[in-house]
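Morning, everyone. I have one model to walk through, and I'll keep it quick.

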Amino acid sequence: MTENNKKVKLSKSDRIKVFNRHQFLQGSWNYERMQNGGWCFSIIPAIKKLYPNKDDQIKALKRHLEFYNTHPYVSAPVMGVTLALEEEKANGAQIDDVGINGVKVGMMGPLAGVGDPVFWFTLRPILGALGASIALSGSIVGPLLFFVLWNLIRLGFLWYSQEFGYKVGSKISEDLSGGLMGKITQGASILGMFIIGALVQRWVNISFTPIVTKVNQQVGAFIDWTKIESGAKGIKSALEQYSSLGVDGLNEVKVTTLQQNLDQLIPGLAALILTLVVAKLLKKGVSPILIIVLLFVIGVIARVIGLM
């Protein structure tokens, strides 16, 4: 509470200052606490407004130097909620440092799993394809369109999601142990895990190379390379046969690998099992560095013995 017992409130101008600084969230990225420097830099205008006393400002900035890391775009709603909590704390609400950092940690994890699929793997490729299609005709509008649309969507999302977080923040501060905060984190967790689960097969690639069967194919089921003419006519003939026979028609002997059999059973089964094993190890407290080293060693050994 301020000295004259009037509630202090962050104005729209204050929130815009935080929003502008938040664009540089990763500008001070480090391996120990990752985005904490950029986060602390972003929230400085709000801290100065909420805490006129120098010592209170120092304490506030220190609590925001704790570990923080998430997708830079979905960090905006976390910032909005944090601004609201800091505002409540400055006005005398019983919110301690652990509570504020708990909200940050509780939101940053689930939301991080949403940022990559939505922005990097969906929105950017779509806008990039649109701009590239126009650029192929020789028009400069293509790259300009991509740049303008991407930044309009990015900035719009950052601002409105920060404002949304700020508006619901006071409700979260009323019940930090559950209520709206619990619903937000639970919903974000479900969505994030669903998207990550759907992308496991794309991100995790395992291929078992041992040969299971070799079958001599009947005449006509493969390309007889001895009868292919040389020159352009031969290339055309080979391509025509390939389009009708497929990959199996390239050789007289059809080879089936262990991976092909697994794919017929359940595509991506090995990748899913590996992901679940790694998740289990992380849950038991095994160091991520150790897991990476083990996977590297196992991969090298499997390659040497011909398993992968």
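This is a predicted model: local features need pLDDT of at least 70, side-chain atom pairs count only at pLDDT 80 or more; totals for chains, interfaces and linings use all residues.

The largest share is from α11, with five residues.

Next, the core. In soluble globular proteins, nonpolar side chains tend to be buried together. Here the largest nonpolar core has 36 residues. Trp39, Ile43 and Leu83 have the most contacts inside it. Which helices supply at least two residues each? They are α1 (12–22), α2 (36–50), α4 (75–90), α5 (97–135) and α6 (141–174). Take Leu83. Setting aside neighbours within four places in sequence, Leu83 is in contact with Leu10, Val18, Ile43, Ala46, Gln162 and Tyr166.

Now a loop residue. Tyr68 sits in the loop between α3 (54–63) and α4. Is Tyr68 buried or exposed? Buried: its relative accessible area is 0%, and the cut-off is under 20%. Beyond four places in sequence, the contacts of Tyr68 include Trp39, Arg33, Lys104 and Met108. Met34 is another of the contacts of Tyr68. Those two are 34 residues apart in sequence, yet 6.2 Å apart in space, C-alpha to C-alpha.

Last, the aromatics. The count is ten aromatic pairs. In one of them, Tyr73 and Trp150, the ring centres are 6.0 Å apart. Their planes are at 55 degrees, so this pair is tilted. Tyr73 is in the loop between α3 and α4, Trp150 is in helix α6, and 77 residues separate them. Both are buried.

Trp150 also pairs with Phe146. Those ring centres are 6.4 Å apart with planes at 15 degrees, so that pair is stacked. Phe146 and Trp150 are about one helical turn apart because they are four residues apart in helix α6. Phe146 is partly exposed at 26% relative accessible area, while Trp150 is buried at 9%. Step back, and Tyr73, Phe119, Trp120, Phe146, Trp150 and Phe157 form one aromatic cluster.

That's my tour. Over to you.

Methods
Residues are numbered from 1 along each chain as its sequence is written. Side-chain values use heavy atoms; hydrogens and water are left out. A nonpolar core is a set of buried Ala, Val, Leu, Ile, Met, Phe, Trp, Tyr and Cys residues joined through side-chain atoms within 4.5 Å. Buried means under 20% relative accessible area, exposed over 50%, partly exposed in between (1.4 Å probe, protein chains only). Contact means heavy atoms within 4.5 Å. Rings of Phe, Tyr and Trp (its six-membered ring) pair if their centres lie within 6.5 Å; planes under 30 degrees apart count as stacked, over 60 as edge-to-face and the rest as tilted.
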